[in-house]
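Subject: Structure handover and notes

Hello,

Here is the structure I said I would pass on. My notes follow below it.

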Amino acid sequence: MINISKAIYYLLANSSVTGYTGTRIYPIVMPENTPFPMVVYERRTNPEYSKDDAVLKLTTGIITVISDDYTESINLANAVNTALENYNGVVSGIDVKDIMLDSVDEIFANGAYMQKLVYNILSV
């Protein structure tokens, strides 16, 4: 579902994540020279079908936390997880049935610590 990005943004922007990032929550790519910390999110969507032909959408939400401080990157990743994991409800006009954490990876590149959180998001 293309609009699921709106739901991801809303949930992150209306949570404790902003205590770390302020408004630095970006889709797909961050602007050049953005100060740390920040969050970048993206999605991949695949339709699924139930037995009664009701269309459900399974979206992979990829949230990358970026900081120049390792501990801060962990704390921010925990704030992201608190905002997203097990959420269900209607947000930004999207009926989200569940958000489940699938995996977490750590990366260090270009002087920054990154925590990459991958979620499975089920919506209608």
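How many nonpolar, polar and charged residues are in the lining of the largest pocket? The lining has nine nonpolar residues, two polar ones and one charged one. Please keep in mind throughout that this is a predicted model.

The pocket

The largest pocket holds about 170 Å³ of space. Rolling a probe the size of a water molecule over the atoms shows where empty space is left.

Some of these lining residues have backbone features to look at. Most residues other than glycine have a negative phi, and most peptide bonds are trans. Isoleucine 28 is not a glycine, yet its phi is positive, near 70°. Isoleucine 28 sits in the loop between β1 and β2. With a relative accessible area of 67%, isoleucine 28 is exposed, because the cut-off for that class is over 50%. Asparagine 110 also has a positive phi, of about 50°, without being a glycine. Its place is the loop between β5 and β6, and at 81% relative accessibility asparagine 110 counts as exposed.

Proline 37 belongs to the loop between β1 (25–27) and β2.

Threonine 34 is in the loop between β1 and β2 as well. Is threonine 34 buried or exposed? Threonine 34 counts as buried, because its relative accessibility is 15% and the cut-off is under 20%.

Helix α3

Helix α3 covers residues 70–84, which is 15 residues. At 1.5 Å a residue the helix should span 21 Å, and its end C-alpha atoms are 21 Å apart, so the two values agree.

At the N-terminal end, α3 is capped by aspartate 69, which has a side-chain oxygen 3.2 Å from the backbone nitrogen of threonine 71. Just after the helix, asparagine 86 takes a positive phi of about 70°.

Which residues of α3 are buried? They are Ser73, Leu76, Ala77, Ala79, Val80, Asn81, Ala83 and Leu84. An α-helix has 3.6 residues a turn, so residues three or four places apart point the same way.

Two of the buried residues deserve a separate note. Serine 73, in helix α3, has a relative accessible area of 0% and is therefore buried. The side chain of serine 73 makes a polar contact of 3.2 Å with the side chain of glutamine 115. Valine 80 is also found in helix α3, and it too is buried, with a relative accessible area of 0%.

The core

The largest nonpolar core has 24 residues. The residues with the most contacts inside this core are Leu12, Val17, Val39, Ile63, Val80, Leu84 and Tyr119. Two or more core residues come from each of α1 (4–13), β2, β3, α3, β5 (94–109) and β6. Helix α3 gives the largest share, six residues.

Valine 80 and leucine 12 are both on the list of residues with the most contacts in the core. They are 68 residues apart in sequence, but their C-alpha atoms are 6.6 Å apart in space.

That is what I have for now.

Regards

Terms used: Residues numbered from 1 in each chain as written. Predicted model: local features only at pLDDT ≥ 70, side-chain atom pairs only at ≥ 80, totals over all residues. Heavy atoms only, no water. 1 Å grid on protein atoms, 1.4 Å probe; cavity = no way out; pocket = protein on both sides within 12 Å on 5 of 7 lines; lining within 4 Å. Points joined across faces, edges and corners; volume = space filled by probe spheres on them. Nonpolar A, V, L, I, M, F, W, Y, C, P; charged D, E, K, R; others polar. Helix = DSSP H or I, 4+ residues; strand = E, 2+ residues; numbered from the N terminus. Expected span 1.5 Å × (residues − 1). Buried < 20%, exposed > 50% of the residue type's maximum accessible area, 1.4 Å probe, protein only. Polar contact = N/O pair within 3.5 Å; in protein donor to acceptor, adjacent residues only side chain to side chain. Core = buried A, V, L, I, M, F, W, Y, C linked by side-chain atoms within 4.5 Å.
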